[in-house]
Structures are given as C-alpha cells and as structure tokens.
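These are my notebook entries on a structure that I looked through piece by piece. I wrote down each thing I looked up, together with the rule behind it.

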Amino acid sequence: MNRPQPLRRRLLAEYLGSAFLAALVIGSGIAAQTLSPGDVGLELFENAAATGAGLFAIILMFGAVSGGHFNPVVSLVDASFGGMRWRDALAYAPAQVAGCITGALAANGMFAKTLVSISTKHRASGAHLFSEVIATLGLMLVIFALGRTRRGGSAPAAVGAYIAAAYFFTSSASFANPAISIGRIFSNTFAGIAPSSVPTYIAAELAGGLAAVALLRCLYPDVTPEQAAEVLLPH
C-alpha cells in the first residue's frame with residue numbers, strides 16, 4: 001500500500017474535487033436548460049453526459065492524493081473495511097460538503113445567476129427515496145468490487161459510466177452522495193433540490209451505503225485493508 005498523503009493535503013484534494021463535481025453537475029444542468037429549452041429528455045441527457053465524463057476526469061485529477069471519494073458515503077464505507085481511519089473519513093465529510101457548496105456557487109456565477117439561490121425543486125417522493133437507496137448501493141458496489149478484484153484503475157471510467165446511466169434508470173437522477181445533495185440546495189436551477197427534501201435523501205443514501213457494506217462482506221469476505229485502500233485510486 002502506498003504511504004498516505006498528509007491529511008491536510010487529502011482534505012484539500014477532496015474539497016477541490018467536490019467543488020469541481022458540483023460545478024459540473026449544476027453548470028451542465030444550467031447549460032442544458034439554455035441549449036435545449038423545453039426538452040427535458042435532451043436536457044437530462046446533456047446533464048448526464050457531462051457529469052459522467054467530468055467525473056472520470058476529476059477522479060483522475062485528485063484520486064492519487066485522497067482516493068477521489070468526493071462523497072461521504074464512499075469514505076464511510078471505505079473506513080468500515082479498514083481502507084482509511086474513521087477519524088479521517090469523518091474529516092473528509094466536511095471538506096466534501098464545503099466543496100460541493102463552493103462548486104454550486106461557482107456554477108451560479110459562471111452563468112450569471114444569483115450567487116446564492118435556494119432551490120425550490122421538491123424531490124422527496126417515495127419513489128425518489130427508493131431510487132436513492134438503489135443508486136447509492138449500486139455506486140458502492142461498482143467502486144468497491146473493482147478495488148477488491150484489483151481493477152481499481154478502471155474505477156474512474158466505471159464510476160463516470162455508472163452515474164451517467166443512473167441519471168436515467170433512477171427516478172431521482174442518482175444523487176447518491178450526501179455532499180452533492182447539500183450543495184445542490186444552493187442553486188435554484190435544473191439540478192437543484194429543495195432544502196426540505198435533503199434530509200430524507202441523505203438518509204436514503206446512507207441506507208444504500210449500509211446495504212452495500214453487508215453485500216460486499218458477503219461477496220468479498222476476505223478483504224484486507226491494503227485492498228480496501230485501492231478505493232477509488234490507491235492513496
């Protein structure tokens with residue numbers, strides 16, 4: 001296993017990566033609405049394609065420093081398998097949330113929107129919440145299965161492809177990330193989410209993470225901490 005980077009450096013990488021993630025999700029959503037007004041299917045396709053491609057690049061940019069999590073559920077699941085210390089995983093979460101908020105504000109600014117605009121888009125139906133459980137479960141299985149079978153180098157592409165696909169096969173458009181759920185509050189645009197919907201989204205995402213831990217322990221019972229530290233990239 002590679003020697004870990006200093007925590008402050010990893011936190012900076014998680015903050016920056018999360019900021020880029022939110023900026024690309026929200027910014028591409030705003031661009032899609034501008035380029036394809038009134039065509040929701042095409043807007044969603046444009047948003048999904050940009051998110052999938054951008055996520056692949058962002059993981060490559062920062063993964064070697066911090067693992068490229070950008071998602072508190074990834075960090076917590078990683079810690080549960082010994083891939084990182086619990087205190088580091090808990091330190092990652094605020095950096096990821098702060099980064100996603102920063103990215104949302106940056107996206108608003110890049111498109112000449114009000115810098116802080118609280119979303120009014122309510123999403124927390126039963127179907128949306130069930131979708132978030134499934135979306136998060138699937139994302140964790142993709143990430144951690146690759147690490148356990150020593151195919152971690154494929155993770156950036158696999159994660160980008162999964163998220164792009166999950167925009168369409170889930171009714172929630174696959175947030176699958178508590179940090180991005182919080183960040184999207186701050187943009188009243190195509191990709192936004194109303195504050196009242198976020199607590200239940202986070203609960204559903206954490207439930208998906210717990211289900212993934214249980215399934216991964218059944219599927220890969222002999223995982224070592226060294227193998228766990230291959231998520232998403234060796235760090």
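**Entry 1: a nonpolar patch**

I began with Leu-16, which is partly exposed because its relative accessible area is 32%; I use buried for under 20% relative accessible area, exposed for over 50% and partly exposed for what lies in between, with a 1.4 Å probe and protein chains only. Before going on, I noted that this is a predicted model, in which local features need pLDDT of at least 70 and side-chain atom pairs count only at pLDDT 80 or more, while totals for chains, interfaces and linings use all residues. I also noted that residues are numbered from 1 along each chain as its sequence is written, and that side-chain values use heavy atoms, with hydrogens and water left out.

Leu-16 lies in helix H1, where a helix is a DSSP run (H or I) of at least four residues, numbered from the N terminus. I found that Leu-16 belongs to a nonpolar surface patch with Leu-12, Phe-20 and Met-61, and that together they have about 370 Å² of accessible area. Such a patch takes residues with over 30% relative accessible area and no salt bridge, and joins nonpolar side chains (Val, Leu, Ile, Met, Phe, Trp, Tyr) within 5 Å, whereas like charges are joined within 9 Å. The areas come from the Shrake-Rupley method with a 1.4 Å probe, and for residues only the protein chains shown count as cover. Helix H1 gives the most to this patch, with three residues.

**Entry 2: salt bridges**

How many salt bridges does a search of the whole structure find? I counted two, taking a salt bridge to be a side-chain nitrogen of Lys or Arg within 4 Å of a carboxyl oxygen of Asp or Glu. In one of them Asp-88 pairs with Arg-10, and the closest N and O atoms are 3.2 Å apart. This pair links distant parts of the chain, since Asp-88 sits in helix H4 (residues 86-110) and Arg-10 in helix H1 (residues 7-35), 78 residues apart. Both Asp-88 and Arg-10 are buried.

I then looked up the salt bridge between the side chains of Asp-88 and Arg-85, where the N to O distance is 3.5 Å. Asp-88 counts as buried because its relative accessibility is 4%, whereas Arg-85 is partly exposed at 46%. The salt bridges share partners and join Arg-10, Arg-85 and Asp-88 into one network.

**Entry 3: cysteines**

I looked for disulfides, meaning pairs of cysteine sulfur atoms within 2.5 Å, and the count came to zero. Cys-100 is buried, with a relative accessible area of 0%, while Cys-218 counts as exposed at 65%.

**Entry 4: Thr-51**

Is Thr-51 buried or exposed? I found Thr-51 in helix H2 (residues 40-66), and it is buried because its relative accessible area is 2%. The side chain of Thr-51 reaches the backbone oxygen of Asn-47 at 2.8 Å. Leaving out residues up to four places away in sequence, Thr-51 touches Leu-24, Val-25, Ser-28, Ile-163 and Tyr-167, where a contact means heavy atoms within 4.5 Å.

**Entry 5: positive phi values**

Most residues other than glycine have a negative phi, and I therefore wrote down the exceptions I came across. Ala-112 has a positive phi near 60°; it is placed in the loop between H4 and helix H5 (126-148) and is exposed, with a relative accessible area of 71%. Ala-176 also has a positive phi, about 55°, although it is not a glycine. Ala-176 is found in the loop between helix H6 (155-169) and helix H7 (178-183), but at 0% relative accessibility it counts as buried.

**Entry 6: helix H3**

Why do I describe helix H3 (residues 72-80) as largely enclosed by the rest of the structure? Seven of its nine residues are buried, among them Pro-72, Val-77 and Ala-79. Asn-71 caps the N-terminal end of H3, with a side-chain oxygen 2.9 Å from the backbone nitrogen of Val-73. After H3 comes Gly-82, whose phi is positive, near 85°.

Definitions and conventions. Helices (H or I, at least four residues) and strands (E, at least two) are DSSP runs, numbered from the N terminus. A polar contact is a pair of N or O atoms within 3.5 Å; within protein, one must be able to donate a hydrogen and the other to accept it, and residues adjacent in sequence count only if both atoms are side-chain atoms.
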